[in-house]
Amino acid sequence: MPLDTSTYNLALLRIDGRRWNELRQLRAQIRTQAAADGSAYFELGNTKVMCIVTGPSEDGKRRGQLGASSASAAGGGAGAGGNAADILVSVVVGGFSTVDRKKRARSDKRIVELQFTLAKSLAAVLHTHLFPRSTISLSLHILSQDGSLLACLINAATLALIDAGVPMTDYLVACSAGSTSSYAAADESADPLMDLNNQEEQELPYLTIGTLGSTDKVAVLVCESRVQVSRLEGMMVTAADGCKNIREYLDSVVKEKGRKMVEEGAIEKGVSMAMDIDV
């Protein structure tokens, strides 16, 4: 279908043909691993992530082993001692996920930062107090990288936790946003961009925002590049709009999976689990 150029200048299109406020192609699945407590697959453009959730588990021996490996490799554990479940996050980067096929060790600084950010952000939305002296383990596998990596990891983890039935306040969804001009250019008229790919992230300042549900409440904000204050608000608004679009898509994926389970007889229609959740 040809692009309608009557209201949009083709010179303003990005390198992959998108407009400034368009997401790349979304694709997601839940319950991809039958043996896991929860699993999900999330794809945003050419960035592809798979997440597997184990727990909540009260197995003390297993918990101790996981906690030791997480503490040494990532520091990716968050909890409130014995009164709440610990959240252990492990990120595995496939050597084939990038063009240069660089193999990253578990102690890589970038992986450690990702695991710590994921554990902290998930601890803020999960009701871990319902599972004292327990462990919730997340294993995220990066299959392909093309920008917005942290956002994809957060979205995949959210879907997998929903599949595992772990209570949470609402969807935690994330999206990246950038600016059309670098910090050194000092261009006050620079426009924001939604959902940056890898090439755009290498050349432009960007940030990643995670919002709670369909609201504008920011749960995660990561900005690792220099950006002028005058551009920050536009970037944050653009990323929040992208989060709303992603949240609607994830909600449709969950509802579609639930509808199929009812049709297959895996669960009865109208059956719900009664649980007292104190926010």
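Contact here means heavy atoms within 4.5 Å. Keep that in mind, and remember that this is a predicted model.

**The whole chain**

Show the protein chain as a cartoon. Its secondary structure comes to five helices and ten strands. The chain has 279 residues, and 44% of them count as buried. Now think about contacts between residues at least 6 apart in sequence. Of these, 68% join residues at least 24 apart.

**Stop 1: C175**

Select C175. You will find C175 in strand β7, residues 172-179. Is C175 buried or exposed? The relative accessible area of C175 is 1%. Buried means under 20%, so C175 is buried.

What surrounds C175? Set aside the neighbours within four places in sequence, and C175 is in contact with L23, A151, M194, D195, L207, T208, I209, A239, G242, C243 and I246.

Pick I209 from that list. C175 and I209 are 34 residues apart in sequence. Yet their C-alpha atoms are 5.7 Å apart in space.

**Stop 2: helix α3**

Select residues 149-164, which form helix α3. This helix has 16 residues. From its first C-alpha to its last, α3 reaches 23 Å. That is close to the 22 Å expected at 1.5 Å a residue. Helix α3 is mostly covered, with 14 of its 16 residues buried.

The phi of S148 is near 55°, a positive value in a residue other than glycine. S148 has 1% relative accessibility, so S148 counts as buried. After the helix comes G165. The phi of G165 is also positive, near 80°.

**Stop 3: helix α5**

Now select residues 229-264, helix α5. How far apart are the end C-alpha atoms of α5? They are 53 Å apart. The 36 residues of α5 should span 52 Å at 1.5 Å a residue, so the two values agree. Step just past the helix to G265, where phi is positive at about 85°.

**Stop 4: where α3 meets α5**

Show both helices together. Two packed helices are described by the angle between their axes and the distance between the axes. Helices α3 and α5 pack at an angle of about 30°, with their axes 11 Å apart. Angles under 35 degrees count as roughly parallel, so α3 is roughly parallel to α5. The crossing of α3 past α5 is right-handed.

Which residues make the contact? Show these side chains:

- From α3: N155, L159 and I162.
- From α5: I246, L250 and V254.

Five of the contact residues are nonpolar, one is polar and none is charged.

**Stop 5: two backbone details**

First, go to P56, in strand β3, residues 47-57. Check the peptide bond from G55 to P56. That bond is cis, with omega near 0°.

Then move to R31, in the loop between β1 (26-30) and β2 (38-44). What is the phi of R31? It is near 55°, a positive value in a residue other than glycine. R31 has a relative accessible area of 39%, so R31 is partly exposed. Compare S148, which counts as buried at 1% relative accessibility.

How values were computed: Residues are numbered from 1 along each chain as its sequence is written. This is a predicted model: local features need pLDDT of at least 70, side-chain atom pairs count only at pLDDT 80 or more; totals for chains, interfaces and linings use all residues. Side-chain values use heavy atoms; hydrogens and water are left out. Axes are lines fitted to C-alpha atoms, for helices over the stretch in contact, and angles run from 0 to 180 degrees between N-to-C directions. Helices (H or I, at least four residues) and strands (E, at least two) are DSSP runs, numbered from the N terminus. Angles under 35 degrees count as roughly parallel, over 145 as roughly antiparallel, 65 to 115 as roughly perpendicular and the rest as oblique. A crossing is left-handed if the near helix is turned anticlockwise from the far one by less than a right angle, and right-handed if clockwise. Ala, Val, Leu, Ile, Met, Phe, Trp, Tyr, Cys and Pro count as nonpolar, Asp, Glu, Lys and Arg as charged, and the others, Gly among them, as polar. The expected span of a helix is 1.5 Å times one less than its number of residues. Buried means under 20% relative accessible area, exposed over 50%, partly exposed in between (1.4 Å probe, protein chains only).
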